[in-house]
Amino acid sequence: MTSGNGANISGVKRRPVYSGGSSSTDSDSDSAPLAKRSQPTRLKRRLSSDSSSSDSDNAPLAKRSQMGRSKRKPMDDSDSSSSGSESDKPLSSKSKVPKIALPNGLVLPKTAVMVTALKHKSAKAYANSPPKKIKKEQSTKTTVKKESNMNQVRVKKEKGKPVGINSNASLASQLIDRKPLIKAESSLTAGSANGSEATSEADDEEHKWWLENKGDDGPKWQTLEHSGVLFPPEYVPHGVPLLYKNSEITLAPQVEEVATFFAAVLGTEHERNKVFQKNFFDDFKEVLDEHMPGHSVKEYKWCDFTRIRAHLDSQSAKRKAMTKHEKDAAKKEKMEIEEKYSTCMLDGRREKVGNFRIEPPSLFRGRGAHPKTGKLKKRVMPEQVTINIGAGAKVPDPPPGHRWGKVCNDNTVTWLAMWKENINGNTKYVFLAAGSSLKGQSDMRKFDKARNLVLEIDKIRKQYTKDLKSNIMADRQRATAMYLIDRYALRAGNEKSDDEADTVGCCSLRCEHITLEPPNIVHFDFLGKDSIRYQRTTDVDKQVWKNLKIFQKGEDKLNSDMLFDRLNTTLLNKHLQTLMPGLTAKVFRTFNASFVFQQQLRNTPTDGTEAEKILAYNRSNREVAVLCNHQRSVSKGFEGQMTRIEDKILAARYQRKLLKEYLLEIAPMLKKKRPDLAQRESGVTSKWIKAYLLTMCEQDREKLTKKFERDNEKLREAGEPQLPESQLKEKIAEIDAREKSIKDGSYVAEPPVAKNATTDKVLEKLDKLTERIKNIELDKIEKDENKTTALSTSKLNYIDPRISIAWCKKYNVPIEKIFNKTLREKFTWALEVDANWTF
């Protein structure tokens with residue numbers, strides 16, 4: 001056989017070394033879109049939903065220059081005509097908002113059984129159920145529609161006329177009332193007793209709270225029972241001494257615990273951080289003074305924690321050396337302890353509790369250059385904890401010898417327990433899990449509020465544009481801040497004390513945080529939330545630029561003075577409440593993220609592969625992450641990940657090379673019909689092939705040895721005879737012989753296909769392998785593009801999940817490819833929207 005560069009590799013034929021290049025022909029139904037899953041015959045549904053086209057001028061100002069004035073048809077990538085950028089035009093010059101239309105369409109909402117199967121069973125098990133037809137006459141059964149506060153907005157733009165954000169005709173006046181989107185499930189037909197019981201169980205497990213008209217006001221629950229909180233275990237002393245000036249000091253248990261905290265960070269950036277060192281040692285001396293009065297520890301530089309670190313390393317090694325049986329037993333014991341705390345009874349339904357564990361004591365890290373990094377987070381005692389539980393319910397027992405700080409019965413809040421931590425004095429809460437009804441209601445109200453902003457955004461933008469020239473300086477500052485929050489999705493920002501991290505938002509910007517460049521360029525540079533640096537250079541409205549210059553060069557202003565010295569977050573939000581009930585600066589951020597995301601999704605290729613569609617989805621998500629400044633540093637293992645992906649691509653190309661050579665051998669006539677079969681594979685040289693095959697030999701030895709050990713461990717636990725060592729040596733000898741033939745050039749790998757495969761089968765295999773290579777290359781591009789962007793934050797907190805669900809249904813992409821299990825459980829309420837839903 002001739003290698004990629006012409007070198008001859010011949011000799012005795014062996015079994016193929018690498019089989020990863022062959023694509024499996026089995027199609028796991030787990031990847032099927034939820035909208036295509038089979039329906040149980042017991043469910044009779046009426047097909048009904050609303051669909052329509054929409055146009056809106058509600059694009060965030062920061063994105064207008066990129067998007068232009070595109071015609072809003074729901075998720076329609078074919079409708080992308082642009083009438084030019086308007087990002088720099090005065091708001092008053094934007095054109096009118098046209099009328100709207102709401103044509104009706106028909107889709108089939110998912111049933112409770114489907115959602116339950118997704119949430120409480122494996123999606124694969126449900127997808128594998130045989131499809132059952134729904135009789136035509138069943139569609140005439142009466143269904144019950146329940147009103148929901150999830151409504152649809154549709155705005156249709158007249159052909160050829162761009163929509164402006166400051167049209168004379170108010171956007172609200174051109175929108176009709178939204179109709180309910182989600183319908184209640186139809187009644188189940190009379191069936192067997194088992195079927196009725198199963199349905200009853202499904203209803204108990206899946207409470208469709210989103211079909212109920214519950215407002216934000218009033219009680220959150222009627223009855224509540226839970227088991228309190230789980231405290232960390234008491235510290236167990238290890239007795240390893242601290243070295244101080246090379247002398248051993250046996251520490252009291254309370255002191256030893258704090259010393260052990262510091263020993264755990266030896267060799268990290270925290271140990272080398274001077275602020276961390278100082279804060280730790282100050283608190284360490286306080287604990288020493290309290291529990292070991294008269295101690296000799298005076299200076300940090302003489303403290304040696306290496307013996308304690310060695311003890312920690314030995315304990316870590318012991319845990320890693322545990323057998324699978326021992327690990328399973330420890331895991332089972334932990335789960336048994338946590339079981340009673342993990343759920344509660346809310347209004348007679350069992351719901352999962354989120355963070356039921358009290359934080360253990362440790363050294364505070366903080367994010368960025370936090371001034372309190374290294375300080376001791378003290379152990380939380382039951383006397384500091386307030387329990388919130390239903391009136392008449394049994395109060396959970398505190399740990400022996402302790403009592404709760406307070407017990408209340410407040411059904412207007414959703415937390416189960418609370419306490420204050422000692423570092424920043426922040427209040428910590430125990431809430432229900434992300435997928436619970438209370439958290440889901442909170443999420444849905446948040447996104448609905450941002451979605452309802454579309455009714456008011458035209459009026460609000462017109463208002464603050466007018467106030468940019470106000471004679472009242474406070475109003476002018478407020479209007480300028482609203483412009484920045486609306487256009488650049490800035491956080492509102494609160495003033496910080498000296499002992500907090502120096503992070504700012506819009507209202508707390510200082511003069512030093514912006515640099516002005518004529519005629520209208522602004523350079524932003526400041527630390528945002530979590531000490532993430534915000535750097536941006538952009539053109540702003542000329543009146544905004546003039547205002548910023550006035551605010552920055554005010555009377556006797558210094559760089560350290562507040563830019564908006566007559567505005568704070570409280571005043572801003574109070575004003576926003578007068579423009580729209582419940583409106584805060586935070587709502588603008590959610591609105592901007594969701595709207596930009598939906599607009600960017602129009603770039604999804606309709607006829608693209610699933611991988612190409614997912615790449616378009618993630619690119620849209622990245623646009624939102626950039627807008628919201630969701631950054632991350634490049635991970636330490638990034639280069640290694642990229643190298644592994646490149647190796648994976650080359651390995652697949654090598655498999656394709658073997659297939660092409662085999663095809664030309666069994667069907668020479670294909671050389672003229674398929675000239676691509678004679679093309680060389682990029683990067684697959686004889687030198688690379690030899691190194692790759694030798695690496696595979698090493699990996700095969702390692703895998704074989706580990707498998708042999710695992711098999712013997714299972715046999716030993718089952719009390720059965722173990723496999724003989726000679727069996728392992730025999731297989732290792734085969735790998736040694738293969739390795740020898742590779743080194744002397746006599747090894748010939750077989751093509752990754754069955755020996756008697758037909759030409760058509762080989763061609764099919766080749767096409768699948770080519771598609772696999774393309775997907776790996778797309779994955780490489782995606783990882784490289786997202787190396788400094790955190791996509792999960794916007795998807796979890798800022799983008800309306802219904803946009804993603806509708807996109808999946810429209811482009812036939814399995815929801816599991818976009819939302820993992822945690823997100824599907826968190827956003828169960830959004831799974832029933834149809835493909836035409838728009839934000």
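## Packing of H17 and H21

In this predicted model, helix H17 (residues 638-666) packs with helix H21 (residues 759-785) at an angle of about 165°, and their axes are 10 Å apart. Since an angle over 145 degrees counts as roughly antiparallel, H17 is therefore roughly antiparallel to H21. The crossing of these two helices, H17 and H21, is left-handed.

The contact of H17 with H21 is made of 15 nonpolar, 3 polar and 12 charged residues. Two packed helices are described by the angle between their axes and by the distance between those axes.

## Packing of H15 and H16

Helix H15 (residues 585-600) and helix H16 (residues 610-627) have axes that come within 9 Å and cross at roughly 150°. That angle makes H15 roughly antiparallel to H16. The crossing of H15 and H16 is right-handed.

The loop between H16 and H17 contains asparagine 629. The phi of asparagine 629 is near 60°, a positive value in a residue other than glycine. Asparagine 629 has a relative accessible area of 14% and is buried, because buried means under 20%.

## The four-stranded sheet

An open sheet of 4 strands runs in the order E13-E12-E14-E15, and its pairing is mixed. Strand E13 (406-408) and strand E15 (427-430) stand at the edges; each has a single partner strand, so one side of each is left without a neighbour in the sheet. From one strand to the next, the twist averages 20°.

Strand E12 (residues 386-388) and E13 run parallel and are joined by 3 bridges. Within this pairing, isoleucine 387 has valine 407 in E13 as its bridge partner. Strands of a sheet pair through backbone hydrogen bonds, in either a parallel or an antiparallel manner.

## The E8 and E9 hairpin

Strand E8 (residues 343-346) is joined to strand E9 (residues 349-352) by 4 bridges, and the two run antiparallel. Cysteine 344 stands opposite glutamate 351 in E9. E8 and E9 form a hairpin with 2 residues between them. Aspartate 347, in the turn, has a positive phi of about 50°, and aspartate 347 is a residue other than glycine. With a relative accessible area of 25%, aspartate 347 is partly exposed.

E8 also pairs with strand E4 (residues 224-225): 2 bridges join them, and they run antiparallel. Leucine 224 has leucine 346 in E8 as its bridge partner. The two faces of E8 are set apart by cover: Cys344 and Leu346 make up the covered face, while Thr343 and Met345 make up the uncovered one. In a regular strand the side chains alternate between the two faces of the sheet.

## The three-stranded sheet

A further open sheet has 3 strands in the order E6-E5-E7, with antiparallel pairing. Strand E6 (247-249) and strand E7 (303-304) are the edge strands, and each pairs on one side only.

Strand E5 (residues 242-244) is joined to E6 by 3 bridges, and the two run antiparallel. Tyrosine 244 stands opposite serine 247 in E6.

## A cis peptide bond

The peptide bond from proline 518 to proline 519 is cis, with omega near 0°. Proline 519 lies in the loop between strand E16 (514-517) and strand E17 (521-527).

## Cysteines

A disulfide is a covalent bond between the sulfur atoms of two cysteines. A search of the whole structure finds 0 disulfides.

Cysteine 408 has 16% relative accessibility and counts as buried. Cysteine 808 has a relative accessible area of 1% and is also buried. Each of these values falls within the buried class, because that class means under 20% relative accessible area.

Note on methods. Residues are numbered from 1 along each chain as its sequence is written. This is a predicted model: local features need pLDDT of at least 70, side-chain atom pairs count only at pLDDT 80 or more; totals for chains, interfaces and linings use all residues. Side-chain values use heavy atoms; hydrogens and water are left out. Axes are lines fitted to C-alpha atoms, for helices over the stretch in contact, and angles run from 0 to 180 degrees between N-to-C directions. Angles under 35 degrees count as roughly parallel, over 145 as roughly antiparallel, 65 to 115 as roughly perpendicular and the rest as oblique. A crossing is left-handed if the near helix is turned anticlockwise from the far one by less than a right angle, and right-handed if clockwise. Ala, Val, Leu, Ile, Met, Phe, Trp, Tyr, Cys and Pro count as nonpolar, Asp, Glu, Lys and Arg as charged, and the others, Gly among them, as polar. Two strands pair if DSSP finds at least two bridges between them. A disulfide is a pair of cysteine sulfur atoms within 2.5 Å. Buried means under 20% relative accessible area, exposed over 50%, partly exposed in between (1.4 Å probe, protein chains only).
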